[in-house]
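Please read the sequence and the structure below before going on.

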Protein chains: 2
Amino acid sequence: MTPSMYHASIPAFIRMMGNLAEVLKKGATHATSRKIDPTVLINSRLFPDMLPLARQVQIASDTAKGCAARLAGQEPPKFEDNESTFPELLARTDKTVAFLKTFKPGQIDGTEDKTIHLKIGGESLTFKGMPYLLNFVLPNFYFHVTTAYDILRHNGVELGKKDYLGKF
Amino acid sequence: MTPSMYHASIPAFIRMMGNLAEVLKKGATHATSRKIDPTVLINSRLFPDMLPLARQVQIASDTAKGCAARLAGQEPPKFEDNESTFPELLARTDKTVAFLKTFKPGQIDGTEDKTIHLKIGGESLTFKGMPYLLNFVLPNFYFHVTTAYDILRHNGVELGKKDYLGKF
């Protein structure tokens with residue numbers, strides 16, 4: 001069983017969105033136990049012109065759902081990006097996982113050479129399916145999951161690499 | 001051409017180690033132009049018990065070279081982890097890329113079910129090749145490349161997502 005386009009994408013997204021949810025839950029618990037306004041964490045950034053925690057979660061979600069939909073030839077669903085609490089961010093990770101779970105291997109496998117058009121910050125990019133997944137989607141997806149973790153870790157939430165990697 | 005074990009690993013590592021080198025060069029330039037002691041950046045952490053920039057680069061390197069060697073049935077080469085300057089960290093990324101380039105697809109492909117034993121922080125983990133690559137190596141590799149970027153970004157180095165993702 002080779003790592004098909006499906007294996008290299010959907011199960012990895014589902015796994016890491018679940019891990020991200022656990023990381024966010026620890027953030028929420030930390031805020032409660034330390035009597036920190038949760039919005040301080042949700043709006044926290046590593047630098048003034050970097051994106052805050054909420055946007056990191058939303059873009060991780062967008063990258064995963066956009067990849068699944070585009071490879072399968074669907075229009076990516078639009079989520080409103082209006083999450084501003086931990087419960088809302090957890091609902092976002094849940095909603096993303098539920099969407100990802102609708103995809104069957106047959107919808108994603110064989111899309112290695114499928115032409116994918118993207119607009120990113122006003123720039124148009126065109127990829128074949130495999131480099132889109134391996135060179136654009138995976139680095140981008142892991143960037144936002146990691147940066148969400150880094151923002152909470154930077155704010156003193158007690159997290160370790162196991163929270164990010166999940167159980168084996 | 002499906003995304004074989006080779007495609008999903010070695011070219012992605014080579015690409016991202018190159019992007020990481022460009023990110024480090026911008027860190028070095030920033031230190032010079034702002035008259036910042038470069039070791040301040042190299043020892044910088046996002047939180048006191050997180051690893052500093054130099055270790056993030058070393059672990060990204062270790063994760064990539066360890067994956068390539070283990071899948072191919074070789075002993076991973078030991079690098080000394082003694083880099084303490086930007087030129088030394090750039091030599092480390094170069095050395096890692098040179099090692100990765102020695103692998104041919106035939107050495108990595110077909111290792112989906114190969115048994116991989118790992119010791120991580122005193123814990124023994126056993127994987128099959130494909131979950132090792134997709135669930136352990138890729139999340140870990142991207143974690144450390146992203147956190148290296150995040151540390152420099154947090155210190156005011158002018159970087160953008162394009163530096164991390166590289167050219168398309």
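**Fold and aromatic pairs**

Chain A contains 7 helices and 2 strands. Their order along the sequence is α-α-α-α-α-β-β-α-α. The model is predicted, and the predictor assigns the complex an ipTM of 0.97 and a pTM of 0.98. For chain A the mean pLDDT is 96, with 99% of the residues scoring at least 70. Where pLDDT is low, predicted coordinates should not be read in detail.

The overall dimensions of chain A come next. Its C-alpha trace spans about 50 × 40 × 25 Å along the principal axes. The radius of gyration of chain A is 16 Å, which agrees with the value near 15 Å that a compact globule of 168 residues would have. Of the contacts in chain A with a separation of 6 or more, 70% are between residues 24 or more positions apart. Buried residues account for 55% of the 168 residues in chain A.

Now to the rings. Taking ring centres within 6.5 Å as the criterion for a pair, there are 23 aromatic pairs over all chains. One of them is formed by Phe127(A) and Phe168(B), whose ring centres are 5.0 Å apart; their planes meet at 75°, so the pair is edge-to-face, the cut-off for that class being over 60 degrees. Phe127(A) belongs to strand β2 (residues 123–128) of chain A, while Phe168(B) is in the segment after α7 (161–165) of chain B, so this pair joins two chains.

A second pair, Phe127(B) with Phe136(B), has ring centres 5.4 Å apart and planes at 45°, so it is tilted. Here Phe127(B) is buried, with a relative accessible area of 7%, and Phe136(B) counts as buried at 6% relative accessibility.

Ring pairs also build a cluster. It links Phe13(A), Phe141(A) and Tyr142(A) with Phe13(B), Phe141(B) and Tyr142(B).

Some rings have a charge over the face. Lys95(A) lies over the face of Phe79(A), 4.2 Å from the ring centre. Another case involves both chains: the charged end of Lys161(A) sits over the ring of Phe143(B), at 4.8 Å from its centre.

Key:
Residues numbered from 1 in each chain as written. Chains lettered and ligands numbered in written order. Predicted model: local features only at pLDDT ≥ 70, side-chain atom pairs only at ≥ 80, totals over all residues. Heavy atoms only, no water. Phe/Tyr/Trp six-rings, centres within 6.5 Å; stacked < 30°, edge-to-face > 60°. Helix = DSSP H or I, 4+ residues; strand = E, 2+ residues; numbered from the N terminus. Buried < 20%, exposed > 50% of the residue type's maximum accessible area, 1.4 Å probe, protein only. Lys NZ or Arg CZ within 6 Å of the ring centre and 35° of its normal. pLDDT = per-residue confidence, 0-100. Rg over C-alpha atoms; globule rule 2.2 N^0.38 Å. Contact = heavy atoms within 4.5 Å.
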